[in-house]
Protein chains: 2
Amino acid sequence: MNTTREQILIATCSLLEEQGFHGTGLNQIISTSGAPRGSLYYHFPEGKDGLAAEAIARTGELTAQRIIDGLGSGAPLPQALRGFVEHIADLVERSGFRAGGPLTAVAMETATTNERLNAACRSAFDLLERAFAAHLDAYGLSGERAAELATFIMATIEGGIILSRTYHSGEPLRRVARELERLLVIEALEQ
Amino acid sequence: MNTTREQILIATCSLLEEQGFHGTGLNQIISTSGAPRGSLYYHFPEGKDGLAAEAIARTGELTAQRIIDGLGSGAPLPQALRGFVEHIADLVERSGFRAGGPLTAVAMETATTNERLNAACRSAFDLLERAFAAHLDAYGLSGERAAELATFIMATIEGGIILSRTYHSGEPLRRVARELERLLVIEALEQ
DNA sequence: CACTAAATAGACCGATTGGTATAATCGTGT
DNA sequence: ACACGATTATACCAATCGGTCTATTTAGTG
């Protein structure tokens with residue numbers, strides 16, 4: 001049910017990820033999704049902004065779930081986190097450096113120029129941050145320390161994705177993966 | 001001399017920083033710089049791409065110099081790095097979250113869609129990375145370890161800027177600043 | 001002062017943008 | 001079979017996009 005709407009949303013998510021908000025035109029969304037223009041405005045009467053905001057929200061939920069799943073494999077957190085980031089490196093590489101950091105470009109473009117999308121990005125980042133924090137909490141860190149480290153981990157991964165996509169190489173992300181493992185091991189020792 | 005060309009370049013740098021490549025129109029560059037359309041194409045006959053590429057290159061050089069200066073204040077590297085990142089947090093805040101991460105948005109938008117700008121971003125990141133690596137080298141780390149950590153540090157700062165601009169708060173960057181200080185202190189102990 | 005190249009000024013272009021309007025079609029309950 | 005709302009399909013719109021063109025002004029040199 002609602003496959004047209006779904007196709008539009010999926011196409012928008014991946015186009016925003018690759019090209020950002022302003023780099024993605026409605027015509028491109030239409031041709032990628034296969035849906036006609038009329039359907040787009042029927043399902044998303046608030047136009048490009050509304051569509052993008054919903055795409056960002058969906059991306060946030062999806063990504064948060066991936067974090068929760070990816071870090072809950074049973075392995076100790078340091079190794080799980082390293083594996084998680086290395087898995088992102090694989091995905092970025094296999095996409096031809098088109099995917100990765102599904103929020104980054106939009107977040108930067110719209111931080112001060114589009115309140116609605118800025119709010120959407122903030123909510124999405126909140127979800128990711130809480131997902132990381134929950135695992136850090138379970139790892140034994142205090143709530144405050146978990147929140148602090150969650151922010152840091154998110155920053156490192158975001159940054160790693162930017163560098164990997166720019167350099168067309170998974171190596172920056174893999175460096176991030178190794179450092180994060182080290183960091184968490186040390187964090188546990190200091191407790 | 002050449003102040004018109006200079007004005008255009010300066011305006012382009014700051015507009016790209018705030019809005020990214022596709023979000024920045026030539027009309028906006030013209031009105032911000034005060035230069036007429038004809039002058040833009042006289043000084044930058046290769047159009048928007050050429051202008052943006054040069055703006056990115058200049059931003060890279062400028063930012064690399066800031067790293068070299070900022071970390072060479074005489075303080076021990078861990079504290080200097082922390083101060084450097086906290087200084088960025090101040091700048092981001094004082095700009096109303098319009099500035100910071102002058103390459104990020106363009107790098108993400110163009111990683112796979114514009115070879116010329118992708119190359120420009122890569123060169124710019126190279127400059128930054130080498131600036132960090134030089135200081136880490138002087139701090140006593142091996143060349144390989146310095147390069148590895150330089151990548152990681154860049155990633156954390158890039159990520160911190162994204163989060164700070166999105167959240168309209170310097171706090172994420174300040175968390176990054178504290179973690180990086182810790183990291184470098186530990187790194188020295190382990191030597 | 002005259003000549004010329006550098007630079008500015010802005011009118012103009014086709015293409016594309018996000019968005020609207022309306023007609024045709026589909027799907028379902030009676 | 002029919003009606004009716006849900007949905008799709010397209011033609012169309014003003015505004016803006018990046019880019020071109022040429023006329024004019026400015027600055028330097030003989």
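Colleague: How many residues surround DNA strand C, and which are the closest?

Modeller: This is a predicted model, and in it the surroundings of DNA strand C draw on chains A and B, since the closest residues are Gly25(A), Gly47(A), Lys48(A), Thr4(B) and Gly38(B). By class, the residues of this surface divide into four nonpolar, eight polar and three charged. The number of residues that surround DNA strand C is 15.

Colleague: Which element gives the most to the surface near DNA strand C?

Modeller: The elements that give two or more residues are helix H2 (26–33), helix H3 (37–43) and helix H4 (47–71) of chain A, together with helix H3 (37–43) of chain B. With four residues, the element that gives the most is H3(B).

Colleague: Is H4(A) roughly parallel or roughly antiparallel to H7(A)?

Modeller: The axes of H4(A) and of helix H7 (residues 115–138) of chain A come within 9 Å and cross at roughly 5°. Because angles under 35 degrees count as roughly parallel, this crossing makes H4(A), relative to H7(A), roughly parallel. The residues of the contact of H4(A) with H7(A) divide into 16 nonpolar, five polar and three charged, but the orientation asked for is roughly parallel.

Colleague: Which helices do the buried residues of H4(A) pack against?

Modeller: H4(A) has 25 residues and reaches 36 Å from its first C-alpha to its last, close to the 36 Å expected at 1.5 Å a residue. Its buried residues include Leu51(A), Ile56(A), Thr59(A), Gly60(A), Ile67(A) and Leu71(A). The buried residues of H4(A) pack against these helices of chain A: H1 (3–19), H5 (77–94), H6 (104–110) and H7.

Notes: Residues are numbered from 1 along each chain as its sequence is written. Chains are lettered from A and ligands numbered from 1 in the order in which they are written. This is a predicted model: local features need pLDDT of at least 70, side-chain atom pairs count only at pLDDT 80 or more; totals for chains, interfaces and linings use all residues. A residue is near a molecule or strand if its C-beta atom, placed from the backbone, lies within 6 Å of it. Ala, Val, Leu, Ile, Met, Phe, Trp, Tyr, Cys and Pro count as nonpolar, Asp, Glu, Lys and Arg as charged, and the others, Gly among them, as polar. Axes are lines fitted to C-alpha atoms, for helices over the stretch in contact, and angles run from 0 to 180 degrees between N-to-C directions. Angles under 35 degrees count as roughly parallel, over 145 as roughly antiparallel, 65 to 115 as roughly perpendicular and the rest as oblique. The expected span of a helix is 1.5 Å times one less than its number of residues. A residue is buried if 20 or more other C-beta atoms lie within 10 Å of its own, exposed if 12 or fewer, and partly exposed in between; C-beta atoms are placed from the backbone. Two residues are in contact if their C-beta atoms, placed from the backbone, lie within 7 Å.
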